[in-house]
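Here is a friendly walk through a helical packing arrangement and its pockets. Please keep the model open beside the text as you read.

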Amino acid sequence: MPLPQPHLVALGVAAVVETLARKHIVVPPLRFAGYSTVGAGVALAAWATQATAPTDLAEPDRLVSAGPYAISRNPMYVAWTLIYVGLGLARKSVWIFALLPAVLVMTHLTIKREERRLQEKFGPRYVAYAEKVRRYI
């Protein structure tokens with residue numbers, strides 16, 4: 001399962017800042033919501049990974065449009081964002097949420113680059129797919 005760098009970097013930065021600052025949101029029900037969100041993200045990531053199993057994601061030889069890719073063009077990024085937000089809730093971390101806008105912008109820019117590559121490689125097939133399936137959800 002590919003690990004998106006913006007999510008991992010921001011989680012690392014948030015962990016360091018949180019440790020140094022010791023600032024937390026104090027709302028116990030958030031822990032349950034957080035772990036539920038992490039679970040949903042892991043399930044979506046596993047489903048997306050299974051759907052892309054026969055394809056090299058770094059250099060795709062086919063356009064994947066089945067499974068979660070029939071609902072979202074980027075289910076792995078959606079999954080990792082769910083995991084990221086879920087960890088923020090579970091850890092009650094202000095810092096994870098403070099870095100969320102940067103994660104979202106970096107992820108969006110990465111996706112735009114990937115979309116250009118896919119359009120160059122698959123041409124009208126990708127354009128038709130992109131018109132039919134939303135970018136995120």
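Helices (H or I, at least four residues) and strands (E, at least two) are DSSP runs, numbered from the N terminus. H3 and H4 each supply at least two residues to the lining of the second largest pocket. Residues are numbered from 1 along each chain as its sequence is written, and side-chain values use heavy atoms, with hydrogens and water left out. This is a predicted model, in which local features need pLDDT of at least 70, side-chain atom pairs count only at pLDDT 80 or more, and totals for chains, interfaces and linings use all residues.

**Overall picture**

The protein chain has 5 helices and 0 strands. Its C-alpha atoms fill a box of roughly 50 × 25 × 25 Å along the principal axes. On pLDDT, the predictor's confidence in each residue from 0 to 100, the chain has a mean of 89, and 91% of its residues reach 70 or more. Where pLDDT is low, the predicted coordinates should not be read in detail.

**How the helices pack**

Axes are lines fitted to C-alpha atoms, for helices over the stretch in contact, and angles run from 0 to 180 degrees between N-to-C directions. Angles under 35 degrees count as roughly parallel, over 145 as roughly antiparallel, 65 to 115 as roughly perpendicular and the rest as oblique.

H3 and H4 pack at about 175°, with their axes 11 Å apart; they are therefore roughly antiparallel to each other. Their contact (heavy atoms within 4.5 Å) includes Tyr77, Thr81 and Tyr84 of H3 and Leu104, Thr107 and Ile111 of H4. By class, this contact has 12 nonpolar, 4 polar and 1 charged residues. Here Ala, Val, Leu, Ile, Met, Phe, Trp, Tyr, Cys and Pro count as nonpolar, Asp, Glu, Lys and Arg as charged, and the others, Gly among them, as polar.

The axes of H4 and H5 come within 6 Å and cross at roughly 130°, which makes H4 oblique to H5. Glu115, Leu118, Gln119 and Phe122 in H4 meet Pro124, Arg125, Tyr126 and Val127 in H5.

**The pockets**

On a 1 Å grid over the protein atoms alone, a pocket is an open set of points where a 1.4 Å probe fits, with protein on both sides within 12 Å along at least five of seven lines; lining residues have an atom within 4 Å of a point. Grid points are joined across faces, edges and corners, and a volume is the space filled by probe spheres set on the points.

| Pocket | Volume | Lining by class |
|---|---|---|
| Largest | about 670 Å³ | 18 nonpolar, 6 polar, 6 charged residues |

Of the 30 residues lining the largest pocket, Leu57, Tyr69, Asn74, Tyr77 and Glu114 are the closest to its centre. H1, H3 (75-90), H4 (94-122) and H5 each supply at least two lining residues there, and H4 has the largest share, 9 residues.

Which residues line the second largest pocket? They are Tyr77, Val78, Thr81, Leu104, Thr107, His108, Ile111, Tyr136 and Ile137. H4 gives the most to this lining, with 4 residues.
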